[in-house]
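Visitor: I'm new to this one. Could you show me around and tell me what the words mean?

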Amino acid sequence: SSGTPGYMSPEILTHQSYDLSSDFFAIGIMIYEFIFGKRPYIGKNRKEIKEAILAKEVNLKIQDLPDGWSPDVCDLVNKLCKRRSNQRLGKNGISEIKEHPLFKSIDRHKLYKKEIESPFKPKVNLK
């Protein structure tokens, strides 16, 4: 199989049939990485990472979150990182993800028209 092991869904790692929900698994892993600065599944090589993914499902808890993160992000990550693809958020279409409580306050019309201010602006130090 090709791809970066730390983001690959269990069904890809075990050479089973897969669909778009495998990408949603990878998005869940990326969100986890955005929060903590590391992936949930680590190892010294592809085999160790694969074993970690197959051994344990991500189970993010609200108390694990750094300050400033919405508790809804735990639910989103946990639902995107389900090991069984038929239980994964997005399995029945991307609208499942768009309707998640984490995104309820987003005005999609303004988002598509690029009229929403970024909630975070990095400080740039030009010396």
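Visitor: At what angle do helix α2 and helix α4 pack, and how far apart are their axes?

Guide: Helix α2 (residues 21-36) and helix α4 (residues 72-80) pack at about 140°, with axes 8 Å apart. Bear in mind that this is a predicted model, where local features need pLDDT of at least 70, side-chain atom pairs count only at pLDDT 80 or more, and totals for chains, interfaces and linings use all residues. Residues are numbered from 1 along each chain as its sequence is written, and side-chain values use heavy atoms, leaving out hydrogens and water.

Visitor: Why is α2 called oblique to α4?

Guide: Angles under 35 degrees count as roughly parallel, over 145 as roughly antiparallel, 65 to 115 as roughly perpendicular and the rest as oblique. The angle is about 140°, so α2 is oblique to α4.

Visitor: Which residues of α2 meet α4?

Guide: Phe24, Phe25, Ile27, Gly28, Ile31, Tyr32 and Ile35 meet Val73, Leu76, Val77 and Leu80 of α4, where contact means heavy atoms within 4.5 Å. The residues of this contact divide into 10 nonpolar, one polar and no charged.

Visitor: What makes Lys47 exposed?

Guide: Buried means under 20% relative accessible area, exposed over 50%, partly exposed in between (1.4 Å probe, protein chains only). Lys47 has 56%, so Lys47 is exposed. Lys47 is found in helix α3.

Visitor: And which residues of α2 are buried?

Guide: Among them are Ser21, Ala26 and Ile29. The buried residues of α2 pack against α1 (10-13), α3 (46-55), α4 and α5 (95-98).

How values were computed: Axes are lines fitted to C-alpha atoms, for helices over the stretch in contact, and angles run from 0 to 180 degrees between N-to-C directions. Helices (H or I, at least four residues) and strands (E, at least two) are DSSP runs, numbered from the N terminus. Ala, Val, Leu, Ile, Met, Phe, Trp, Tyr, Cys and Pro count as nonpolar, Asp, Glu, Lys and Arg as charged, and the others, Gly among them, as polar.
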